[in-house]
Amino acid sequence: MKHTLVIRDLTLKHRQRTLVDRAELTLRAGQVHALVGASGSGKSLTSLGILDLLPPGVHSSGATLLLDGQVVDAAQLRGREVALVLQNPRSAFNPVRSLRQHALETLQTRDLHGAEAEQLIQSTLQEVGLHDAQRVLDSFAFQLSGGMLQRMMIALALLADSRFLLADEPTSDLDVVAQARFLDLLERLVAQRNLGVLLITHDMGVVARCADQVSVMAHGRIVEQADVHRLFNSPQSQEARTLLAAHHSLTMESCAP
Ligand SMILES: Nc1ncnc2c1ncn2[C@@H]1O[C@H](COP(=O)(O)OP(=O)(O)O)[C@@H](O)[C@H]1O
Ligand SMILES: [Mg+2]
């Protein structure tokens with residue numbers, strides 16, 4: 001079955017100021033939907049707004065969420081159907097709990113315990129490329145690199161059996177090698193696990209490589225939605241053209257002798 005998550009009419013405000021204006025997004029299983037736009041355009045708030053994990057003072061005026069056509073609320077999606085992968089993964093972990101405790105807690109929500117839980121944790125860590133599983137599980141977040149914590153966030157999403165991932169600039173704090181490996185992993189999980197991903201990025205190289213659909217955001221509004229080929233071949237909005245021009249000038253520079 002082709003799972004879909006539709007977000008309709010997501011409006012976020014801080015006092016009288018509209019930060020996100022009637023955003024609409026559709027995520028599909030087995031596809032990557034990239035959300036791009038200049039810094040401050042509302043990308044992070046959009047992902048937080050979907051799960052109703054907004055910072056203090058920012059309010060949502062009731063978006064409609066449809067999971068496979070059924071209206072759901074954010075609390076039903078959080079940590080279950082939909083997992084969040086943050087740019088700064090350290091902040092997502094409880095500093096006084098080992099990663100094993102995080103993994104076990106996630107499985108408790110699925111009523112999995114004991115040897116069964118331990119086995120699933122081992123195989124999931126292997127799946128996301130954390131091969132030294134025992135050491136990782138005995139560690140606390142501050143003892144691991146950003147790239148490893150990123151993988152652990154994905155592992156927790158898989159342990160929660162999430163079908164959708166919202167990934168906010170997941171590669172921007174990683175070095176190029178870790179970035180490429182992370183994107184390899186993401187692509188593999190989309191293909192093999194049929195995950196649906198919202199990938200927030202400002203890197204059009206990442207979009208070209210991974211995305212199926214693209215939404216372009218500017219000043220809190222989605223100003224263009226297209227499949228990746230159409231966006232690169234005939235961008236309609238000024239914002240998309242600006243992002244592509246910046247990308248092309250960077251690639252030309254790095255290719256220059
Ligand atoms: N906690 C907050 N309180 C008030 N305004 C905020 C808050 N967080 C972000 N904003 C504002 O909302 C807009 C969108 O922010 P954000 O979603 O973080 O942008 P992006 O992720 O695209 O860089 C920005 O103008 C930012 O200043
Ligand atoms: Mg952001």
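Visitor: What is the handedness of the crossing of α3 and α4?

Guide: The crossing of α3 and α4 is right-handed. A crossing is left-handed if the near helix is turned anticlockwise from the far one by less than a right angle, and right-handed if clockwise. This is a predicted model, in which local features need pLDDT of at least 70, side-chain atom pairs count only at pLDDT 80 or more, and totals for chains, interfaces and linings use all residues. Residues are numbered from 1 along each chain as its sequence is written, and side-chain values use heavy atoms, with hydrogens and water left out.

Visitor: Which residues of α3 and α4 meet?

Guide: R100, A103, L104 and L107 in α3 meet A117, E118, L120 and I121 in α4, where contact means heavy atoms within 4.5 Å.

Visitor: Why is α4 called oblique to α6?

Guide: The axes of α4 and helix α6 (residues 146-159) come within 9 Å and cross at roughly 130 degrees. Angles under 35 degrees count as roughly parallel, over 145 as roughly antiparallel, 65 to 115 as roughly perpendicular and the rest as oblique; therefore α4 is oblique to α6. The crossing of α4 with α6 is right-handed as well.

Visitor: What makes A74 buried?

Guide: Buried means under 20% relative accessible area, exposed over 50%, and partly exposed in between (1.4 Å probe, protein chains only). A74 has a relative accessible area of 10%, so A74 is buried. Leaving aside neighbours within four places in sequence, A74 is in contact with I50, L51, D52 and L65.

Note on methods. Chains lettered and ligands numbered in written order. Helix = DSSP H or I, 4+ residues; strand = E, 2+ residues; numbered from the N terminus. Axes fitted to C-alpha atoms, helices over the stretch in contact; angles between N-to-C directions.
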